[in-house]
Amino acid sequence: MLSVEGVSKSFDQFMAVRRANLTVPEGSVVAVIGPNGAGKTTLFNLITGQLKSDRGSIVFRGEEISGLPPYEICRRGIGRAFQIANVFARLTVFENVQVAVLAQQRKSTHLFRPAQGIAVAETHSILESTGLTGQARRLAGVLSHGDQRVLEIAIALGSQPKLLILDEPTAGMSPEETATTMTLVNQLAKTRGITILFCEHDMDIVFSVAQSIMVMQHGSTIIQGTPDQVRQNRAVQEAYLGGGDA
Ligand SMILES: Nc1ncnc2c1ncn2[C@@H]1O[C@H](COP(=O)(O)OP(=O)(O)O)[C@@H](O)[C@H]1O
Ligand SMILES: [Mg+2]
């Protein structure tokens, strides 16, 4: 579904991403791991078009997407959960998701379609599949940190992504919230058929949830493979024993 090949990005003289490679098969849950500063967030920004790569290719569903603006990449089916910034604190949970659903419908305009009704049904469906139905009428601003982060995922689902990118979805969550959120992510992949690409510093989560793991260090890809292949890889063991904090 997504194929990143030899992608690089420099900030001034500093090469944050160095000829990185990543493959995301359709329907899979893929994790990117690596110490702080390894280039994970920069790589995600390159895929979603927030940053432009200096070289390399990013192919999504058979089409080159590097260089396209973010809204165009989103329209093609790559969604991303933005942190807190995207949540309207003074709207209800329902309204937050509905706004995202309506924004998507406006992009695929069908003039005489009863947009409002469809948006309501779709919003309910997203709240249901993210476990937020019980919170639908609450103001987003009063949710727990964990629920707000789940709401970010629900908002991202409003754009009907085929590939959903999550940057440390469980950051700042309690162990219980973390477990619930990763179960949710797994279910989204299974029940909504959404392909998931995420990065995460908690190795237990990564190795229990991801079917494929790509390891980054100093901007480069060390290896991508199954959890077992990654665990047994010498370079990975050395990188992690060598003092990375991930
Ligand atoms: N906009 C930027 N300008 C300059 N340096 C940046 C910028 N964004 C990231 N970096 C640097 O690039 C490196 C990779 O950062 P990042 O992709 O955020 O890593 P990670 O998400 O793996 O922790 C870091 O050294 C960071 O300081
Ligand atoms: Mg990061």
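Predicted model: local features only at pLDDT ≥ 70, side-chain atom pairs only at ≥ 80, totals over all residues.
Biologist: Ok, what does E63 pair with, and over what N to O distance?

Modeller: The side chain of E63 meets that of R76 in a salt bridge, with 3.2 Å from N to O. The pair links distant parts of the chain, since E63 belongs to strand β5 (residues 63-64) while R76 sits in the loop between α2 (70-75) and β6 (78-80), 13 residues apart.

Biologist: And are those two buried or exposed, or in between?

Modeller: E63 has 43% relative accessibility and therefore counts as partly exposed, and R76, at 23%, also counts as partly exposed.

Biologist: What about E152, which partner does its side chain meet?

Modeller: The partner of E152 is R149, in a salt bridge of 3.3 Å from N to O. Both residues lie in helix α5, 3 residues apart, which is about one turn of the helix. E152 is buried, and R149 is buried as well.

Biologist: Then where are E238 and R234, and how many residues apart?

Modeller: They are in helix α9 (residues 234-241), and because they are 4 residues apart, about one helical turn separates E238 from R234. Their side chains meet in a salt bridge at 3.3 Å, N to O. E238 counts as partly exposed because its relative accessibility is 47%, whereas R234, at 61%, counts as exposed.

Biologist: Which residues do shared partners join into one network?

Modeller: Salt bridges that share partners join E63, E72, R75 and R76 into one network.

Biologist: Switching to packing: at what angle do α5 and α6 cross?

Modeller: The axes of helix α5 (residues 145-157) and helix α6 (residues 175-191) come within 10 Å and cross at roughly 15°. An angle under 35 degrees counts as roughly parallel, and α5 and α6 are therefore roughly parallel to each other. The crossing of these two helices is right-handed.

Biologist: Which residues meet there?

Modeller: From α5, the residues are G146, V150, I153 and L157, and they meet E177, T181, L184, V185 and L188 of α6. By type, the residues of this contact divide into 6 nonpolar, 2 polar and 1 charged.

Biologist: How many residues of α1 are buried?

Modeller: Helix α1 (residues 40-48) is mostly covered, with 8 of its 9 residues buried. The buried residues are K40, T42, L43, F44, N45, L46, I47 and T48. After α1 comes G49, which has a positive phi near 85°.

Biologist: Which residue other than glycine has a positive phi near 55°?

Modeller: That is D12, with a positive phi near 55°, and its place is in the loop between β1 (2-11) and β2. At 79% relative accessibility, D12 counts as exposed. Another residue other than glycine with a positive value is E168, whose phi is near 50°. E168 is located in the loop between β7 (163-167) and α6, and because its relative accessibility is 18%, E168 counts as buried.

Biologist: Where is G79, and what does G79 touch?

Modeller: G79 is found in strand β6, and with a relative accessible area of 1% G79 is buried. Not counting residues up to four places away in sequence, G79 touches S159, P161, L163, L164 and I165. The C-alpha atoms of G79 and F14 are separated by 28 Å, the two residues being 65 residues apart along the chain.

Biologist: Last one, is S28 buried or exposed?

Modeller: S28 counts as buried because its relative accessibility is 7%, and its place is in the loop between β2 (14-24) and β3 (29-33). Leaving aside its neighbours within four places in sequence, S28 is in contact with T195, I196 and Q211.

Terms used:
Residues numbered from 1 in each chain as written. Chains lettered and ligands numbered in written order. Heavy atoms only, no water. Buried < 20%, exposed > 50% of the residue type's maximum accessible area, 1.4 Å probe, protein only. Contact = heavy atoms within 4.5 Å. Axes fitted to C-alpha atoms, helices over the stretch in contact; angles between N-to-C directions. Parallel < 35°, antiparallel > 145°, perpendicular 65-115°, else oblique. Left-handed = near helix turned anticlockwise from the far one by under 90°. Nonpolar A, V, L, I, M, F, W, Y, C, P; charged D, E, K, R; others polar. Salt bridge = Lys/Arg side-chain N within 4 Å of Asp/Glu carboxyl O.
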